[in-house]
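Subject: Structure handover

Hello,

Here is the structure you asked for. My notes on what turned up in it follow below.

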Amino acid sequence: AEKHAGVSCVTASMDDIQFEEAARVGQIITIKAKVNRAFKTSMEVGIKVTVQDVLTDVEKIVSVAYATYVAKPVGAGKIELEPVKLLSTDDHLEHTLAIERRRIRLGYEQVFQNLMQESNTEGDYYGTFEEEDAVSTDLTHVQSIELVQPPHANHHGNTFGGQIMAWMETVASISASRLCHSYPVLKSVNMFKFWGPSVVGDRLVFKAIVNNTFRTSVEVGVRVEAYNCEEWIKDQARHINSAFLIFNSVNDKGELLTFPRIKP
């Protein structure tokens with residue numbers, strides 16, 4: 001992204017990420033990234049991750065993801081980006097698909113906001129919720145606090161988006177494990193969007209809870225809030241990120257385990 005913009009860039013959002021394969025210790029990871037399309041002041045970067053087993057030479061796709069970046073200007077205002085130079089048939093295809101992904105991305109946001117507004121006007125859904133043997137989501141609430149230090153940030157002092165995602169996965173995994181009593185496996189990260197930056201010295205508070213279970217999978221919602229020293233004293237949080245993480249869990253034979261029903 002920075003090669004294309006000629007200046008520093010920051011992550012604005014990540015499209016839903018599906019994990020097709022698990023990468024393990026001793027395997028070789030290959031990460032390929034390129035700018036697919038520039039949209040005046042933002043750009044889409046395609047990322048492909050593969051894993052290779054050194055014993056068998058078998059290579060498998062771990063994930064294909066699409067990140068949206070904006071250029072970070074030196075002063076005020078936004079930086080207008082140059083169009084992408086298309087060199088191959090694949091470049092042309094990804095360039096065409098990028099505009100469709102952007103359209104879906106923007107529509108996805110609006111649909112979600114509409115659903116939230118509708119749910120807020122429907123009243124109390126859960127006052128009459130009754131399910132035998134349902135597990136209360138109180139048991140799945142997990143909170144952790146991280147201090148952003150220089151190794152967690154880029155050369156501008158902004159926290160790496162990947163570092164935030166890693167912390168989110170940890171707290172969400174603990175939340176899911178309280179239902180399945182085993183080690184959950186991350187299958188996807190949905191609606192991962194940056195609402196604002198965090199910097200070195202900020203305290204980041206991660207709040208996770210199970211939203212619902214779907215027989216062999218579970219959705220965990222994670223909210224991230226940032227505080228500088230003054231905000232910490234005044235208890236004034238900045239909401240910088242939210243995402244929904246989907247997990248499943250397997251036994252020693254590789255069979256999917258069933259999650260219990262939950263009581264919101």
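Asp91 is buried, at a relative accessible area of 15%, in this predicted model. Its salt-bridge partner is Lys34, with 2.6 Å between the closest N and O atoms. Lys34 is partly exposed, its relative accessible area being 34%. Because Asp91 belongs to helix α2 (residues 89-121) and Lys34 to strand β3 (residues 28-39), the pair ties together parts that are 57 residues apart in sequence.

The search of the whole structure gave 12 salt bridges. Two of them involve Arg238: one with Asp202, where the closest N and O atoms are 2.8 Å apart, and one with Glu231, where they are 2.6 Å apart. Arg238 itself is partly exposed, with a relative accessible area of 24%. Asp202 is buried at 2% relative accessible area, and Glu231 is buried at 15%. Salt bridges with shared partners also join Asp15, Glu44, Glu94, Arg101 and Arg105 into one network.

On the domains: the assignment gives domain 1 (1-108) and domain 2 (133-263). Their contact takes 14 residues from domain 1 and 13 residues from domain 2. The C-alpha centres of the two domains lie 23 Å apart.

The largest nonpolar core has 47 residues, and within it Leu204 and Val222 touch the most other members. Helix α3 (residues 161-180) supplies the largest share, nine residues. Both domain 1 and domain 2 give residues to this core, so it lies between them. Leaving aside residues up to four places away in sequence, the contacts of Leu204 include Ile145, Val148, Ile164, Trp167, Val224 and Ile240.

Where is there nonpolar surface? Ile28, Val54 and Leu55 make a nonpolar patch of about 310 Å². Leu55 sits in the loop between β4 (42-52) and β5 (59-71), and Leu55 is exposed, with a relative accessible area of 79%.

Last, the backbone. Most residues other than glycine have a negative phi. His181 has a positive phi, near 55°, and is found in the loop between α3 and β8 (185-194). His181 is exposed, with a relative accessible area of 70%. Met191 also has a positive phi near 55°, but Met191 is in strand β8.

Regards

Conventions
Residues numbered from 1 in each chain as written. Predicted model: local features only at pLDDT ≥ 70, side-chain atom pairs only at ≥ 80, totals over all residues. Heavy atoms only, no water. Patch = residues over 30% accessible without salt bridge, like charges linked within 9 Å, V, L, I, M, F, W, Y side chains within 5 Å. Areas by Shrake-Rupley, 256 points an atom, 1.4 Å probe, with all protein chains shown as cover. Salt bridge = Lys/Arg side-chain N within 4 Å of Asp/Glu carboxyl O. Helix = DSSP H or I, 4+ residues; strand = E, 2+ residues; numbered from the N terminus. Buried < 20%, exposed > 50% of the residue type's maximum accessible area, 1.4 Å probe, protein only. Core = buried A, V, L, I, M, F, W, Y, C linked by side-chain atoms within 4.5 Å. Domains from an automatic or database assignment. Contact = heavy atoms within 4.5 Å.
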